[in-house]
Amino acid sequence: MMIQVKLIANYREQLPPEAINGVVELDVPDGTTVYQAISRFDIPLDDTSVIVLNGLTVDMSTPLSVGDMVTAFSAIAGG
Amino acid sequence: MYGWHLKVLRVNLTTQKITQEDVDPKIARDYLGGRGWAIHYLYKEMDPMADALSPENVLIFATGPLTATPAPTGNRYMVVTKSPLTGALAHSNSGGEFPTWMKRTGFDMFIFEGKSSKPVYLFVNEDQIELRSAVHLWGKDAHETTDILKAETSAEARVACIGQAGENLALMAAIMNDKHRAAARSGVGAVMGSKNLKAVVAMGNKNPPLHDPEGMRTLSVNTSKEVGADVKKGSNMRIYGTSYVPQVTNTLGILPTRNFLQGTFEHVNNIDGDALKNQYLIRHTPCYRCPLSCGRLTEVPDGPYKGKGEGPEYETISSLGTGCGVSNLAALVKANYLCNEYGMDTITTGMTIAAAMEMYEKGYISEEIIGMPLKFGDHDAMIAMIKLMAFREGFGEDLAQGSYRLAEKYGHPEIAVTTRKQEFPGYDPRGSQGMGLLYATSNKGASHMEGDVAYEEVFGVPVKENPLTTEGKPELVKHFEDSFALMDSSGLCVFVAIRYAFNKDRMILPLRLAEMMNLSTGAQYSPEEVMIAAERVYNLERMFLIKAGSTEDTLPYRMLHEPLPDGPAKGKVVELDKMLPEFYALRGWDEKGVPTKQKLMELGLPLN
Ligand code: SF4
């Protein structure tokens, strides 16, 4: 099934060249979790990253549905 | 005592009399410095009911015990006064270089009273202290003023000043320092203008003596190295400054868009950090002694928006940009430059124009009154409004009063997204509930810098909190408010000091910050004591607010009754009722939000 991964700011360096505005489309097996999807990219998977599903705070073991977007960015005080 | 000079410079602008005073060491310790000292003096010295633009208002510039020390980011000062925008307390923070230079004059604090009969500026070079005519500077913008003053005093001097907005008493006027840095919020520049004080020029070599210079040096070097190591790994703040944030808040659906009618902006890619970096970034510009260096020099090289300056920061992108529905980056950068030159808070400026745009589109204000069409997304009209506002010309007279008074005047107060008449910053609280509680209770009106729980709800620092829930938020808000009072009193920048103020388990003891304060001052604070001192500061600020007559802790109509129509937080309003009683109980305040006698006694605060 097709899902999207969006990486923000410095994490964008980890995206393949076909990514547009930080977003890449991925074809993943049914049952793929948030964690499995984001593990494909070389970003820290500890608390130095914030990872959300469709903008919502979820457990990393949440299975994805078609069209979902997983977004990750580096945890740093800003704004 | 060390760290502090324990010296205040008092300038009576009415009599032109300048005096020097010592600070009681007990007061110094109990109120920390910076924001804490300032509220102690303000509370003691002025009637909180006084008109903010009258000579009775007192304007305080205050550095902290870590300002002008080797502590990384010890480059801040606070401007504290009564706000003409909110009628409540104003405390606005700024960095750059001026605050360090100010402390090197040998004074921790400058207090301005009264009103000069003619425009003046204050020049301080250690013992050479003079009020000088500023007649030749009146009408000049903040950049010209800075250049002229450096030319006529010394290239070694640093300048804080107002632009035309402050002279004209526009209620969003800022005090600019080092041209591009701003003590921005709550109209502090209008207070300066009302006193006919155009600028303050500071220089000197009196670094504060340190209690343990060697220990301070070691801890500072180590802290700098830690920050530096993170920067090397690739820090968003170094690469983008705060301009990376629109993508984050847009993802969470809390990016203020078209005056908070929406929480996502369809053109966010046009005005985000990557667009800015790729098109206009020249280089990074740190404040003094900052290993993070989040400032950015930018230039629009040609075209109608040609210009050069610093920024824009996130808060400018979310107000003059998405807030106004503007997606033209060059125009947005230009608008930011104009605000810096005229000396204006970009948040209140942008969100006031955004409110006017909504009122125009809904037919509440006509084209005749405005002088032109004012649709969301019209970047040229947005720029025109900034100019009118700074000079209070035509419709600018209405705009210069901020969005609350504007919306009220034209019969639609529900359009204004403010608390205590101050415009919201760049986090829609319907999708970040803790921010909702913060905006509602903030002693200075809506402000992220009162205790930025977005660090947890949005940025995951030190831990990620679900922004859509209310559980645990009262405690979080209290802790962030007190921690910000501590950081603002210390003289450090919150972007870096947050590392010293929090641990990963979010507890609660600011070990390293207390250690730095001790190495500087020798005050031998325990971490518990600095948190109690911060709570003391916060409660005294609350008392000022109550005496100023502005006590209701609530949110504007849109936040309580109009669910977000889009994005991940779709359907949400702020559930303030669920959080407020618990917050008051945690604070030791009564059900109206007034500190109880017991709380005041516990903190050693005056009972009346
Ligand atoms: S982090 Fe940014 S705002 Fe803070 S001191 Fe450094 S350059 Fe200045």
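Reply:

Strand β1 (residues 7-12) of chain B runs antiparallel to strand β2 (residues 17-22) of chain B, and six bridges hold the pairing. Keep in mind that this is a predicted model. Within that pairing, B:Leu9 sits opposite B:Gln20 in β2(B). The hairpin of β1(B) and β2(B) has four residues between the strands, and B:Gln16 there takes a positive phi near 65 degrees. β1(B) also pairs with strand β6 (residues 109-113) of chain B, this time parallel, through five bridges; here B:Val11 faces B:Phe112 in β6(B).

Now zoom out to the domains. The assignment for chain B lists domain 1 (7-203), domain 2 (235-423) and domain 3 (429-602). The C-alpha centres of domain 1 of chain B and domain 2 of chain B are 26 Å apart, with 38 residues of domain 1 and 33 residues of domain 2 taking part in the contact. Together these two domains of chain B bury about 2,800 Å², 53% of it on carbon and sulfur atoms. On the domain 1 side, B:Leu85, B:Met172 and B:Arg185 lose the most area to domain 2, together 26% of what that side buries.

B:Arg185 makes a salt bridge with B:Asp345, with the closest N and O atoms 3.1 Å apart. Across that same interface of domain 1 and domain 2 of chain B, 22 residue pairs are in polar contact.

Methods: Residues are numbered from 1 along each chain as its sequence is written. Chains are lettered from A and ligands numbered from 1 in the order in which they are written. This is a predicted model: local features need pLDDT of at least 70, side-chain atom pairs count only at pLDDT 80 or more; totals for chains, interfaces and linings use all residues. Side-chain values use heavy atoms; hydrogens and water are left out. Two strands pair if DSSP finds at least two bridges between them. Helices (H or I, at least four residues) and strands (E, at least two) are DSSP runs, numbered from the N terminus. Domain bounds come from an automatic or database domain assignment. Contact means heavy atoms within 4.5 Å. Buried area is the accessible area (1.4 Å probe) that two parts lose on being put together, summed over both. A salt bridge is a side-chain nitrogen of Lys or Arg within 4 Å of a carboxyl oxygen of Asp or Glu. A polar contact is a pair of N or O atoms within 3.5 Å; within protein, one must be able to donate a hydrogen and the other to accept it, and residues adjacent in sequence count only if both atoms are side-chain atoms.
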